[in-house]
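Trainee: I would like to learn how to read helix packing, strand pairing and domain contacts. Can we work through an example?

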Amino acid sequence: MNSSRLKIIVPQFIDIIALIGWGSLLFKYWITGQLNLLIHPNYFFLVLITSIALFILGIVKLWTLLKQWQKKINLDSNDNRSHITILPKHFGSGLLVITALLGLFIAPQPLSSQIALQRGISESLPLTRVQTQSFGTTVKPEEKSLIEWVRTLNAYPEPDAYTGQPVKVTGFVVQLPQLPDNYLLISRFILTCCAVDAYPVGLPVKLSGSRSQYPNDTWLEITGEMTTESLPVEVGKSTTRRQLVIKAKSVKSIPTPVDPYGY
Amino acid sequence: MSQLQNAFTLFLSLLVEAMPFLLLGVILSSILLIFVDERRLVALMPRNAVLGAFVGGCIGFLFPVCECGNVPVARRLLVQGMPNAVAVSFLLAAPTINPIVIWSTWVAFRDQPEIVFYRVIFSLFIATVIGIIFSIQKDPRPLLQTSLAKSLNWQPETPEKESIPLLLQSGSFLIGNSGKTLRLDESFAATAVLPAVQAIPMKRRWLTFLENVVMELRELGGVLILGSAIAAGLQVFVPREFVLNLGQDPITSILAMMLLAVIVSICSTVDSFFALSFASSFTSSSLLAFLVFGPMIDLKGIGLMLSIFKPRMLIYLFALAAQMTFLLTLAHSYLF
């Protein structure tokens, strides 16, 4: 096998590896459920189709390459009209291969509390959810998830309306510096299309002890009761805001869930 | 370290979200290559600058993919001799003027349907005007990347030459099979060697299709990766309050949303939901600016368009689109 033929084959081979690599990466995300950490479920099917399409493309290309190799045909494409490049030749497939390998070996993680703090945790929903116009009492308070509580609060913000109701929610810990030591924020991210637009929402939790036993990003299940309190809004300022707070009766550590985001 | 991990997750999420649309666009563009006689499509386009620019914006309706998808298509059309006005306005308007984007904008802004209306109108208007501006430059080759320009066969329409009978013109000529005389010059080689697409046997067409899909995926995939890496990095390492603090003033909110649109580089098929998440803190004119400017110019799109145009052309496109978006949305905030 002389080197000039190798020079033609190797880049085409990298193309094939790029295609199959990305097909496998997308498929791996779909199969392991890690897709939950990256994009909205509406697009899961699309990603599956894409991974299958990429696989098919890679295999067909491999097959044509082998056939041309066998027939010892000139392997460089005759069709010159489509070869327009801006990146150095085959740089693109190199990038695709590297990213696919990185993706295969480095598992995506749920977004951390640092991102939540950076984006500013809110008690109201992003307006991507359709606003509920009225409420039936079909869902029992203790069965509401954190996001459902935020949605409820968004429709009717008066905290006194919920005082006394039982609560059982899960979320991750965010320690807000402006809150006293026995308060922490229990939060979740809401996704609209992918992790890039993740929007953090959360509610304050009043603990019986210090919050230092629950570091940032710990996942907790909080059982308790709703109450109304006035809490400071910003560090260093004395203004407080009357808001809904969960008075925790029991706090349990849970493993990081497979689908940590809400929609 | 966790910030780096966050950035990597964001980077991957952008790629995973965009990949299906990129593949769809590349496949559509390659189907265009083998099934449509582009020379006929190009011949159908109106030569008049104004009409051409407007039609170019509208044919985006036939290509329901976001900007990752319509760049390969625009590139194909340009190589086949599409007039400048049509190609440029197609490139700018197609990411917005298509059924999927209009539908998703409507779903997101159901309470404010005027946003959908203004998005379409503003995008079409800006694209048409910029298309008209670039129609003044008849020869597309100075605008394009040199390698693309070389493979482009462009004949200037010179009415003066037609009045001189072929027999009296100087140069070398070939008499073809059909009896038609062809002038032998640099661009001759490109046209003469390319057979009409219909003449190629089916099997060879599918091979061309495959080659083209892989080539375009390689090119555009590489560029998508670079753009997403920059977008994810900026998202994590630039504090967002810095951009968001500008939200309420009519002028700074528009500028801030335009800047966010460029940085975030989100696909136009889904950007309405992203914009909606800022609806509580930003004026609706600034959201409109995000929705109109983002699909035209963003980090990811700039990377993709560099495969077609020279950097100077992109700077002009950016400046024109930015100014027009700013003026239109500012007018919107004061008048409506």
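Trainee: Is the crossing of α3(B) and α7(B) left-handed or right-handed?

Mentor: Keep in mind that this is a predicted model. The crossing of α3(B) and α7(B) is right-handed.

Trainee: What else describes the packing of helix α3 and helix α7 of chain B?

Mentor: Two packed helices are described by the angle between their axes and by the distance between those axes. Here helix α3 (residues 49-58) of chain B packs against helix α7 (residues 113-135) of chain B at about 135°, and the axes are 8 Å apart. Because angles over 145 degrees are needed for roughly antiparallel, α3(B) counts as oblique to α7(B).

Trainee: Which residues of α3(B) and α7(B) make the contact?

Mentor: From α3(B) they include A49(B), V50(B), G52(B) and F54(B). Among those of α7(B) are L124(B), A127(B), G131(B) and I132(B). By class, the contact has seven nonpolar, six polar and no charged residues.

Trainee: Now the strands. In which sense do β1(A) and β4(A) pair?

Mentor: Strand β1 (residues 166-174) of chain A pairs with strand β4 (residues 219-232) of chain A in the antiparallel sense, over seven bridges. One bridge joins V167(A) to G224(A) of β4(A). β1(A) also pairs with β2 (residues 183-190) of chain A, again antiparallel, over three bridges. There V173(A) has I186(A) of β2(A) as its bridge partner.

Trainee: Which domains does the assignment give for chain A?

Mentor: Domain 1 covers 3-77 + 84-105, and domain 2 covers 113-262. Their contact takes six residues from domain 1 of chain A and eight from domain 2 of chain A. On the domain 1 side, three are nonpolar, three polar and none charged.

Terms used. Residues numbered from 1 in each chain as written. Chains lettered and ligands numbered in written order. Predicted model: local features only at pLDDT ≥ 70, side-chain atom pairs only at ≥ 80, totals over all residues. Domains from an automatic or database assignment. Contact = placed C-beta atoms within 7 Å. Nonpolar A, V, L, I, M, F, W, Y, C, P; charged D, E, K, R; others polar. Axes fitted to C-alpha atoms, helices over the stretch in contact; angles between N-to-C directions. Helix = DSSP H or I, 4+ residues; strand = E, 2+ residues; numbered from the N terminus. Parallel < 35°, antiparallel > 145°, perpendicular 65-115°, else oblique. Left-handed = near helix turned anticlockwise from the far one by under 90°. Pairing = 2+ DSSP bridges.
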